[in-house]
Amino acid sequence: MSENSKAVLGENGIYDAKALGMPKVLLLGLQHMFAMFGATILVPMLTGLDVSTTLLFAGLGTLLFHLVTKGRVPAFLGSSFAFLGGYAAIAPMQDSAANKELLPYACFGVACAGILYLVLAALIKIFGTDRVMKYFPPIVTGPIIIAIGLTLSQSAIDNCAADWLVAIAAIALVIVCNIWGKGMIKIVPIIIGVIGSYLFAAALGRVDFTAVREASWFGVPVHWSDTAFSVLGSGDTAMLITSVITIMPIALATMVEHIGDISAISSTVGINYIENPGLHRTLLGDGLATIVASLFGAPANTTYGENTGVLSLTKVFDPLVIRIAACFAIVFSFSPKIAAVIGCMPTATCGGVSLVLYGMISAVGVRNVVETQVDFTKSRNVIIAALILVLSIGINYSAAGAVAFNIGGLTISLSGLAVGALAGIILNAVLPDKDYKFGRG
């Protein structure tokens with residue numbers, strides 16, 4: 001660590017963003033915004049939701065989350081992929097075009113799913129975090145964190161495959177800046193990798209700027225006809241009920257993933273956010289952000305692994321930087337042209353950067369298992385870790401990509417990560433010889 005870096009370290013070894021100076025802090029915020037952008041706008045592209053609305057409520061949702069969690073948790077909330085099946089079931093794309101008539105119904109269903117976060121948060125507040133977290137010891141959360149990074153890896157590789165030369169340029173810049181960079185260069189490797197590989201691709205003539213030329217400078221990111229409110233008064237009641245019944249169960253899986261994400265952030269930063277400000281607050285923040293975003297026609301929000309990877313890589317953990325990234329997202333949502341500039345970013349650039357970030361997430365999971373001294377001489381621990389990893393990764397890469405089953409005529413689909421997490425939680429609860437107590441280490 002350089003002398004300059006030591007000078008701005010605050011409590012708990014966290015970089016003091018204010019000591020870095022506002023220009024550098026703004027640059028760090030922009031870096032986090034770039035890290036989340038590719039995945040965040042992909043969800044509206046796959047569902048037909050509006051990109052600008054998505055950016056607006058990713059920013060607002062993040063700020064709301066920080067408000068609820070007392071500004072302590074350095075988490076960015078971007079678009080959740082977990083609800084893609086729900087959108088497809090209620091409002092399937094029509095010849096690659098948005099189903100504008102049915103999307104508001106799907107958004108209402110997602111908003112109701114967010115209510116389940118509030119219910120679980122209330123239960124945790126009433127009965128205590130210990131009673132919940134005894135089901136999430138390091139032997140469960142560690143492999144889940146590892147699986148989060150590994151299951152995301154496929155999308156990174158697919159994106160890299162679009163142009164490996166550009167992807168390798170991004171990877172090389174990130175590695176060189178992070179390993180050999182000095183001062184500020186060392187803590188903004190992502191933004192350097194993004195800009196450098198973007199310019200490299202543009203120089204090779206591999207970037208199409210048509211969308212930038214055609215986009216306007218200013219636009220309102222919210223459209224009433226796209227919101228859930230547009231169907232609440234005079235919409236189809238049966239469709240509203242169907243949407244709620246179809247989509248709400250997905251929250252059971254996403255809440256488990258939320259706990260894994262918060263565990264990953266806690267392990268990265270070295271602060272137990274599940275204990276303080278509390279899992280009930282993080283769930284409440286995530287749930288409220290999802291409800292608000294969905295009601296206004298944006299995708300469900302979720303804590304973003306990409307930004308956790310940035311935290312791990314840069315060692316800048318100050319939540320202020322994340323809030324600045326959220327403000328950038330809000331500002332950009334009002335400018336279709338700026339959003340188009342970022343939207344034209346080469347797929348391979350996103351892939352190269354993501355390849356590093358997703359690997360960092362898995363590495364955090366490995367560190368979580370090592371630092372908590374999980375005893376792998378015990379067969380129970382080996383079995384739990386093995387099944388979490390194999391189920392999470394195997395199902396994710398299977399032909400179906402999920403486990404589907406019917407309940408009362410409704411098809412419920414669980415991601416590999418959700419199945420692996422549930423298997424780990426259940427096995428840890430029923431197998432004998434537990435050796436971990438929450439809060440003890």
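This is a predicted model: local features need pLDDT of at least 70, side-chain atom pairs count only at pLDDT 80 or more; totals for chains, interfaces and linings use all residues.

Colleague: Is the crossing in which helix 4 passes helix 16 left-handed or right-handed?

Modeller: Residues are numbered from 1 along each chain as its sequence is written, and side-chain values use heavy atoms, leaving out hydrogens and water. Helices here are DSSP runs (H or I, at least four residues), numbered from the N terminus. A crossing is left-handed if the near helix is turned anticlockwise from the far one by less than a right angle, and right-handed if clockwise; for helix 4 passing helix 16, the crossing is right-handed.

Colleague: At what angle do helix 4 and helix 16 pack?

Modeller: Axes are lines fitted to C-alpha atoms over the stretch in contact, and angles run from 0 to 180 degrees between N-to-C directions. Angles over 145 degrees count as roughly antiparallel, and helix 4 is roughly antiparallel to helix 16. The axes of helix 4 (residues 51-68) and helix 16 are 8 Å apart, and the angle is about 150 degrees.

Colleague: Which residues of helix 4 meet helix 16?

Modeller: Contact means heavy atoms within 4.5 Å. On the helix 16 side, the partners include R281, D286 and V292. From helix 4 come F57, G61, L64, F65 and V68.

Colleague: And in which crossing does helix 6 pass helix 16?

Modeller: The axes of helix 6 (residues 103-127) and helix 16 (residues 274-295) come within 8 Å and cross at roughly 165 degrees. These two helices are therefore roughly antiparallel to each other. The crossing of helix 6 past helix 16 is left-handed.

Notes
Angles under 35 degrees count as roughly parallel, over 145 as roughly antiparallel, 65 to 115 as roughly perpendicular and the rest as oblique.
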